[in-house]
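Trainee: Please take me through the pockets and cavities here, with a close look at what lines them.

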Amino acid sequence: AGLAGIIASQLPASIKPHLSLLMGDQVYLDLPTLKNFPDDEAWLAQKFERDYTTNWEGSPGYAQILDIAPSVSVPDDHEYWNNYPHPSPMIGNSLTGQGRGRWSRAAKAMYEGFQLPYPGSMDAPFQLDVDPLSFFIPDMRSLRDDARRWTMTANAMTHMRQWVDSAIASRSYPVFVSGQSLFSEAMGSVSGAVQDYELPNYGDYAEVVRQLARLADAGLPALCLTGDVHWGRVTQTRDLQTNRTAMFEIISSPSSLVTTVGFDQVSAVTGWFSRLFGKPKDWPRHSDASQPPDYLASDVMAGRFRNTMLHGQRGNHVALLQFARNGGGLNFRVTYW
């Protein structure tokens with residue numbers, strides 16, 4: 001958050017943003033890693049409120065981001081705990097149903113107080129239309145089913161279908177904002193339980209992709225924006241049926257990398273050896289961007305949508321999107337800072 005605030009304060013006035021999108025993990029309520037918290041709802045609520053206040057009002061920090069432009073937030077797992085709503089082996093409070101309930105209620109109260117768009121609710125996605133753009137911003141984490149049947153409630157999915165209908169009717173350019181990438185593959189049962197299940201692990205993933213495919217059918221390539229993965233990436237998706245661009249995905253993550261116990265120590269040693277042999281590595285604690293799957297949701301769309309990675313971004317950063325009309329179309333540019 002500190003880096004993001006510094007960058008935002010230094011942007012030239014001509015390109016300062018009109019809107020800030022905060023796409024999950026604005027806070028890490030489950031830090032410090034491996035520390036068990038008292039299983040007491042009031043204690044947790046007070047601790048979480050202090051975390052939010054530190055992030056939102058600290059200097060430098062998110063206060064600079066929140067001051068620079070209106071903002072819209074979506075949550076991801078660390079607004080709750082790693083791999084929420086599922087038990088995490090690193091979070092002792094999450095190992096019982098009652099413990100998950102107490103933590104979840106305290107965390108939801110803080111999310112509603114600090115981040116939820118007002119007026120709004122967790123199962124009513126936020127929609128913002130700025131002609132010719134239409135932003136659809138669902139909460140795909142807070143009400144996620146612990147049996148992995150859905151990430152969005154039935155009401156939220158109804159809103160998505162209506163948004164797609166509206167974008168097609170008005171010929172608006174769709175922007176879909178989520179806390180996790182749609183351009184990923186399902187995790188295995190063991191790795192998903194230990195790390196974090198991906199969107200393809202959930203039963204409503206197929207319907208989300210089908211709705212975005214409807215936009216491609218109408219000649220409206222969707223722009224998908226997300227974070228989560230601790231690196232940046234730009235992906236272009238081509239519709240092999242029409243040979244047209246069907247979608248773009250832009251990932252911006254992280255603005256500030258949190259400490260990972262064990263992994264960071266190994267990365268520091270590796271970075272030291274790289275410098276010793278004259279090959280210093282920028283951002284030694286960070287990972288390079290992973291390649292997207294060859295095809296978007298191949299089991300749903302039968303290999304229709306081919307993905308190509310256009311750019312990978314390593315290290316702390318924020319991304320700036322700029323839009324401009326071009327005749328009857330739209331140009332966009334992404335700049336990583």
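Mentor: On a 1 Å grid over the protein atoms alone, a pocket is an open set of points with protein on both sides within 12 Å along at least five of seven lines, a cavity is a set where a 1.4 Å probe fits but cannot get out, and lining residues have an atom within 4 Å of a point. Points are joined across faces, edges and corners, and a volume is the space filled by probe spheres set on them. The model is predicted: local features need pLDDT of at least 70 and side-chain atom pairs pLDDT 80 or more, while totals for chains, interfaces and linings use all residues. Residues are numbered from 1 along each chain as its sequence is written, and side-chain values use heavy atoms, without hydrogens and water.

The second largest pocket has a volume of about 1,100 Å³. It is lined by 40 residues, of which Asn 82, Gln 195, Asp 228, Val 229 and His 230 are the closest to its centre. By class, the lining of this pocket comprises 16 nonpolar (Ala, Val, Leu, Ile, Met, Phe, Trp, Tyr, Cys, Pro), 10 charged (Asp, Glu, Lys, Arg) and 14 polar residues (the others, Gly among them). Among those closest to the centre, Val 229 counts as nonpolar and Asp 228 as charged, with Asn 82, Gln 195 and His 230 as polar.

The volume of the largest cavity is about 30 Å³. Its lining consists of Pro 75, Asp 76, Met 140, Arg 141, Arg 144, Gly 179, Gln 180 and Leu 199. Three of these lining residues are nonpolar, two polar and three charged.
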